[in-house]
Amino acid sequence: MIRVLLADDQALVRAGFRMILKAEPGIEVAGEADDGSEAVTLARELAPDVVLMDVRMPVMDGIEATRQIVDGEGGPRVLVLTTFDLDEYVYEALRAGASGFLLKDAPENQLIAGIRIVADGGSLFAPAVTRRLIERFAGTRPAAPPRALEELTPRELEVLRLVAGGLSNAEIAATLVVSEHTVKTHLAHILRKLDLRDRVQAVVLAYETGVVRPGSSVDGDRA
């Protein structure tokens, strides 16, 4: 059973999500919060698998709430809910550790699929939208490359560039002419070496540290 915490300051929005999730087998609503501070408290008390997090809430916004919820091992996964996809709030939430984002008006099947993907340890990574989002805001916050980047092998660095380019594991495997299992192994090593939670954080880091530059093409990264 996937236990979900709903965090949104609008009661009607929470009610809508509650109705959708109540009808879905294998998913239950563990609790509801109407601001970020309450979301943090309930996440610790109820230990849900996934938090559906609105980014704009009173008392504490969803960005800071996300940062506190995902801090440490074994914390819930956070799926950000937003009205606008190319939004600085969403970018900051991804930087804070969210595992992906969904538009509030996304179809029910996308919501359910997103919750299941995130609960299973994956990232809701829509390449085109996420890449545009990161390209738009990453350049405004240049970050010094972590020393751990130097620990990546040339092949791991190549995989990181392709991940940042929006390619799936299968597409990376085809590009590098290796098995998908090998790609997953490289990605696991990258996340471990860079102390990152998931694929989304890897993409953010790649753009912020200049491993990939805004506007660069995947084809160029392959060369």
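**Close-up views of a predicted protein model**

**View 1. Contacts and surface of the whole chain.** Of the contacts in the protein chain that link residues at least 6 apart in sequence, 69% are between residues at least 24 apart. The model shown here and in the following views is a predicted one, and the secondary structure of its protein chain amounts to 11 helices and 5 strands.

**View 2. The open parallel sheet.** An open sheet is formed by 5 strands, which follow one another in the order β2-β1-β3-β4-β5 with parallel pairing. Because β2 (residues 27-33) and β5 (residues 101-103) are at the edges and each has a single partner strand, one side of each is left without a neighbour in the sheet. From one strand to the next, the twist averages 25 degrees.

**View 3. The pairing of β3 with β4, and two helices packed on the sheet.** Strand β3, spanning residues 50-54, runs parallel to strand β4, spanning residues 77-82, and the two are joined by 5 bridges; in this pairing, D54 is found opposite L81 of β4. Helix α1 (residues 11-22) packs on the sheet, where it touches β1 (residues 2-7), β2, β3 and β4, and the direction of this helix makes about 165 degrees with that of β2. Helix α5 (residues 108-119) also packs on the sheet, touching β1, β2, β3, β4 and β5, and its direction makes about 125 degrees with that of β3.

**View 4. The surroundings of R77.** R77 lies in strand β4, and its relative accessible area is 12%, which is under the 20% limit and therefore makes R77 a buried residue. A polar contact of 3.4 Å connects the side chain of R77 with the side chain of S99.

View 5. Helix α7 covers residues 154-164, and its buried residues are E156, V159, L160, L162, V163 and A164. Just after α7 comes G166, which takes a positive phi of about 95 degrees.

Definitions and conventions:
Residues numbered from 1 in each chain as written. Predicted model: local features only at pLDDT ≥ 70, side-chain atom pairs only at ≥ 80, totals over all residues. Heavy atoms only, no water. Helix = DSSP H or I, 4+ residues; strand = E, 2+ residues; numbered from the N terminus. Contact = heavy atoms within 4.5 Å. Buried < 20%, exposed > 50% of the residue type's maximum accessible area, 1.4 Å probe, protein only. Pairing = 2+ DSSP bridges. Axes fitted to C-alpha atoms, helices over the stretch in contact; angles between N-to-C directions. Polar contact = N/O pair within 3.5 Å; in protein donor to acceptor, adjacent residues only side chain to side chain.
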